[in-house]
There are 2 protein chains.
Amino acid sequence: MTKSTISNLISERAAGRETTHFATGPSDEPPKGFKPHPKPLPLHWGMPNNGFFPIDSIDVNLVDYPFQKSLSLPVTNASLENLSLNSSTDKLVDSAKSNTVRIDRFTDDENLIDISKGLQYSYTNGLAPLLKFTKEFISRVHKPAFEDWETIITTGAGDGLNKVADLFLDPEDVILIEEFTFTPFLANIRSVGGIAVPVKLDISQKSEGIDLEYLEDLLENWETLKPGLKKPKALYTIATGQNPTGLTQGVEFRKKVIALADKYDFAIIEDDPYGYLTLPPFQKPKSFLKLDTFLTVDDYIKDHLTPSYLTLDTKGRVVRIETFSKLFAPGLRLGFIVGHKDAIKAISNYAALVTRFPSGTSQLIVNNVIQQRFGGVDGWLQWILKMRITYAHRRDVLLDAIYESEAYKKKYIDIIDPSAGMFAALIVNFPEGTDIAAKIKLLEWKLIAYGVGVVPGLNMSVDKKFSLARANFLRLTYAPANNDEELKEAGVRLTKAVDEFFENGLEF
Amino acid sequence: MTKSTISNLISERAAGRETTHFATGPSDEPPKGFKPHPKPLPLHWGMPNNGFFPIDSIDVNLVDYPFQKSLSLPVTNASLENLSLNSSTDKLVDSAKSNTVRIDRFTDDENLIDISKGLQYSYTNGLAPLLKFTKEFISRVHKPAFEDWETIITTGAGDGLNKVADLFLDPEDVILIEEFTFTPFLANIRSVGGIAVPVKLDISQKSEGIDLEYLEDLLENWETLKPGLKKPKALYTIATGQNPTGLTQGVEFRKKVIALADKYDFAIIEDDPYGYLTLPPFQKPKSFLKLDTFLTVDDYIKDHLTPSYLTLDTKGRVVRIETFSKLFAPGLRLGFIVGHKDAIKAISNYAALVTRFPSGTSQLIVNNVIQQRFGGVDGWLQWILKMRITYAHRRDVLLDAIYESEAYKKKYIDIIDPSAGMFAALIVNFPEGTDIAAKIKLLEWKLIAYGVGVVPGLNMSVDKKFSLARANFLRLTYAPANNDEELKEAGVRLTKAVDEFFENGLEF
């Protein structure tokens, strides 16, 4: 049997783990005459019978669409509740059915998780129904081009990132990272002794993120450019709606990256927390949501969703990190990883020995809501479509306030209109020769005084010195605001502050 | 300021961590003229507004006592539901009130966690109401003798163990461990490069676990007995209802261990997953549960619960690991750690940088059930009393089957009647000179053929060779069985198999 491509990239630490449990029976040959008992009784597993659980059942009461209870925006043509009745090609979700999902102590439905299993000690990789759902979901939206792929449930993308750092990196191992990124991952890299090497980004409206020419050159001339450093074992990329720039890599771009990974033999860690929130190009926000802006699930997958690296990788070197945080709720601490079975096995061993299994409470709630209320994969995607249109509207409201501003008209700022995700980069057009670090910080104080919180790109750089020349931007998000009015007001405050800052000669 | 005792025992890895977040505002001095805005708007934190969560509210439907829906055992005098009305010294829990706890999207009650907070990104140390509960709970049952103690929520005891391994152990650092123990902790020790050194146990009915003479001698003559090994930084002990032996250390015993810890300057990691399940001595199981066997909470704390090491430690060197797994449900993946604030701070940094915060779903369910249904600390303790009496009854049923057996009467076996927890050690009285490892394994096959699962003590040894002479026992648990009949039948199968094994000259 030939070793898989990815097995050569797995860290010694991860590859060296073996799991056994003290309560598993003997593993050697049984003595002569041994016959297993037809109905064994357990005095071995130290787990309380489910009869000890104080919870008998749980009712989860749901809304039909985001902000149903607080939406100030009118919905025209038909209510959002009935949306699914209009998308005839999709599996229908009956909006008339109860909005409550009952989770019982026992169930015979193999798609559901009951209290007796969900609140019990469980499997490291996740409870079977949810694990099955994640496989069906990935098969529907991002079917891997390689065989032998598996999934494993995590306690959210943060846990997923920790697990892939362990999976690939021994001390002194190198990982390539977009120069501006989700920096908490750097702590996971440090924690296993890895070394993060930043890769240049092109930050402009037409860019797809990574500066491919820079990356090719870096790999081609690694020994010269990075003397003393090992060859990189992995590239970490947020390929869709990149954090913090909001940029998205197209399919052809991804194929080129895959070709580089094949040539230089590194793994690709694809982190995709909000890529499902695909956004049409900016349009003036309307005071109502029109139904014809909604998509069918098939059209969404075919024309809107950028295919994952999984779908382009025939060697099995891609590991994809998913989370339910942005599409369901962050407090669940629930996500999953998709990858070659050898990678998933190594992650499973880490989970079994170090972090243990993810919250059953979260698993049963997410699984049963998706199955019972949304009706499985396509119903879940219809919920995502509702999230998507809500995010698109929010993005439009914020960007409109910016486009209409003096600061924008005076070209003090540009904004990258994102085609996916929760973030837009506001580029500050400082005059040539400006001390970017000093002026961005001063501008941040100005913005705080004006009552608007932003994240300077520099705060999310892997190496401040390396990235200083490209750090003239702020990350904006339209996710947390309570309503349109707040978003609009935030846009107004933001641009007024910038205008005053520039008019004042870049002084507070 | 003098450094705390425990700060000298914290690993370099843990002490070296620092946390910052990229979305926190600037930390330096604001520019001249800066005034904070009275109502700032957020474009910085990448968290979805709670209006995006599909869940509007959750109803948790509860039982009044363990096995309420499946208990075959009659309850006399009064129903268990009304138990609390009879314990006049305790805070009353109104059994008549609804058995459903409603968790709303928003609440003003500071003791409760609502959906908007529980399902949102949250604090590393845990949500405030649950954190407050854990402090109140520990103050009531095991008030630390040292100042400056704190708690931090974990994703269960397994996570707690992983975190304390990181807290104390750098590579080559030594930790003392009961020779038979919860061996999954060994993987956590290996994971940080620590070295586990087993400490002898005395395994007999009158024992309190650790062989104190052995421990004293080991510490006194460390350099001679363990040449080349560093002095131990910590002792890991399951002091109440020890796993797998079921033994419990008394107060005087614990004081001696604390004295050793003070003398040789090591930390004590007290793991206590089921110590609250204090058990009266064995009595013939009755066919009904009599109400007068129930305790008041005050009597339980005063006379039944063995005080934690926390209550005896004036230096703050004890770190206690708690879990909701055994008293509420394992699938929650929820527990907490109690210790000196310097220890908790280091654990919090690890959580912030590596593992992230625990499931909000589990936190809100546990917190709100405890507050709304049980009425806080004393109500929660009354639930524990109901758990306790159910476990005591189960223990009685299993031990009765063993005491009544031929194998017991022929002295082939002894059983340790535990005074707390979920485990009882069945000692197999092999003739002098028996190959214990071989015969225990053969006996295990015999038991499997008879249809009963057990855990050989040897499976839970730190060092098989070191412990072989004391490995003539099996761990039994009365936790997972579905009912009394199963427990009784398991006891009968177990003892019949042993009897046949002995009568057959220790052959299968």
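Start by selecting Thr311(B), which sits in the loop between α10 (297-304) and β11 (318-323) of chain B; helices here are DSSP runs of H or I with at least four residues, strands are runs of E with at least two, and both are numbered from the N terminus. This is a predicted model, where local features need pLDDT of at least 70 and side-chain atom pairs count only at pLDDT 80 or more, while totals for chains, interfaces and linings use all residues. Residues are numbered from 1 along each chain as its sequence is written, chains are lettered from A and ligands numbered from 1 in the order in which they are written, and side-chain values use heavy atoms, with hydrogens and water left out.

Thr311(B) is partly exposed, at a relative accessible area of 23% (buried is under 20%, exposed is over 50%, partly exposed is in between, with a 1.4 Å probe and protein chains only). Show its surroundings: leaving aside neighbours within four places in sequence, Thr311(B) is in contact with His142(B), Lys143(B), Pro144(B) and Ala145(B), contact meaning heavy atoms within 4.5 Å.

Next, pick Tyr236(B) in strand β9 of chain B. Buried or exposed? Tyr236(B) has 0% relative accessibility, so it counts as buried. Beyond residues up to four places away in sequence, Tyr236(B) touches several others, among them Leu161(B), Ile175(B), Phe182(B), Phe185(B) and Asp271(B).

Now over to chain A. Select helix α10 (residues 297-304) and helix α13 (residues 377-403) of chain A: their axes come within 9 Å and cross at roughly 65°. Axes are lines fitted to C-alpha atoms, for helices over the stretch in contact, and angles run from 0 to 180 degrees between N-to-C directions. That angle makes α10(A) roughly perpendicular to α13(A) (65 to 115 degrees; under 35 is roughly parallel, over 145 roughly antiparallel, and the rest oblique). Show side chains where they meet: Val297(A), Tyr300(A), Ile301(A) and His304(A) from α10(A) face Asp378(A), Leu381(A), Gln382(A), Ile384(A), Leu385(A) and Arg388(A) from α13(A).

For another helix pair, go back to chain B and select α15 (residues 436-450) and α17 (residues 484-503), packed at about 130° with axes 9 Å apart. That makes α15(B) oblique to α17(B). The α15(B) side of the contact includes Leu442(B), Leu443(B) and Tyr450(B), and the α17(B) side includes Leu494(B), Val498(B) and Phe501(B).

Last stop: Phe324(A). Together with Phe137(A), Trp380(A), Phe137(B), Phe324(B) and Trp380(B), Phe324(A) is listed among the residues with the most contacts inside the largest nonpolar core, which has 314 residues. Such a core is a set of buried Ala, Val, Leu, Ile, Met, Phe, Trp, Tyr and Cys residues joined through side-chain atoms within 4.5 Å. Setting aside neighbours within four places in sequence, the contacts of Phe324(A) include Leu130(A), Phe133(A), Leu332(A), Ile370(A) and Trp380(A).
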